[in-house]
Amino acid sequence: MNVHTRAMAPSTYADVLARNIRAARSRADLGQESLAARMRNLGYDAWIRQTVGSTERGRRRPTAEEVFGLALALETTVPRLM
């Protein structure tokens, strides 16, 4: 395995979760604002576009409850996000 491949591979749980959220949003053909709006509709009032971006970059770690909400909002499952 070369250095470039290692740098691209997720190395932490936060990295894996961030990558999977981003991929699920892409598969659902949703923008960050649309995902944030879906989260707000589920009662996660603090979710805005920037929250989605920070989460997808691994700078913000969602709670277990938020991961459940993300699975609902993205029409996927918790295991697929994790």
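These legends accompany close-up views of a predicted model of one protein chain.

**Figure 1**
From the N terminus on, the elements run α-α-α-α-α-α. The chain has 82 residues, and 33% of them are buried. The accessible surface comes to about 5200 Å². Carbon and sulfur atoms account for 52% of that surface. Now take the contacts between residues at least 6 apart in sequence. Of these, 54% join residues at least 24 apart.

**Figure 1. Confidence in the prediction is given by pLDDT, which averages 91 over the chain.**
A pLDDT of at least 70 is reached by 88% of the residues. Residues 1-6 have a pLDDT below 50. Beyond near neighbours in sequence, this stretch has 1 contact in the model.

**Figure 2. Helices α3 and α5 cross at roughly 115 degrees.**
Two packed helices are described by an angle and a distance, both taken between their axes. Helix α3 covers residues 32-41, and helix α5 covers residues 64-73. Their axes come within 9 Å. The crossing is right-handed. Which residues of α3 and α5 make the contact? From α3 come Leu 35, Arg 38 and Met 39. From α5 come Glu 66, Gly 69, Leu 70 and Ala 73. The residues of this contact divide into 4 nonpolar, 1 polar and 2 charged.

**Figure 3. Helix α5 has buried residues that pack against α2, α3 and α6.**
The buried residues of α5 are Glu 66, Val 67, Gly 69, Leu 70, Ala 71 and Ala 73. One of their partners, α6, spans residues 78-81.

After α4 comes Gly 58. Its phi is positive, near 80 degrees.

**Figure 4. Ala 14 is a buried residue of the chain.**
Ala 14 is found in helix α2, which covers residues 13-27. Is Ala 14 buried or exposed, and what is its relative accessible area? The relative accessible area of Ala 14 is 10%, so Ala 14 falls under the 20% cut-off and counts as buried. Now find Arg 60. Ala 14 and Arg 60 are 46 residues apart along the chain. Their C-alpha atoms are separated by 8.5 Å.

**Figure 5. Leu 30 sits in the loop between α2 and α3.**
The relative accessible area of Leu 30 is 13%. That value is under 20%, so Leu 30 is buried. What does Leu 30 touch, not counting residues up to four places away in sequence? The residues are Arg 25, Arg 38, Ala 73 and Leu 74. Arg 38 and Ala 73 also belong to the contact of α3 with α5. Leu 30 and Leu 74 are 44 residues apart along the chain. Their C-alpha atoms are separated by 8.5 Å.

Notes
Residues numbered from 1 in each chain as written. Predicted model: local features only at pLDDT ≥ 70, side-chain atom pairs only at ≥ 80, totals over all residues. Heavy atoms only, no water. Axes fitted to C-alpha atoms, helices over the stretch in contact; angles between N-to-C directions. Helix = DSSP H or I, 4+ residues; strand = E, 2+ residues; numbered from the N terminus. Left-handed = near helix turned anticlockwise from the far one by under 90°. Contact = heavy atoms within 4.5 Å. Nonpolar A, V, L, I, M, F, W, Y, C, P; charged D, E, K, R; others polar. pLDDT = per-residue confidence, 0-100. Buried < 20%, exposed > 50% of the residue type's maximum accessible area, 1.4 Å probe, protein only. Areas by Shrake-Rupley, 256 points an atom, 1.4 Å probe, with all protein chains shown as cover.
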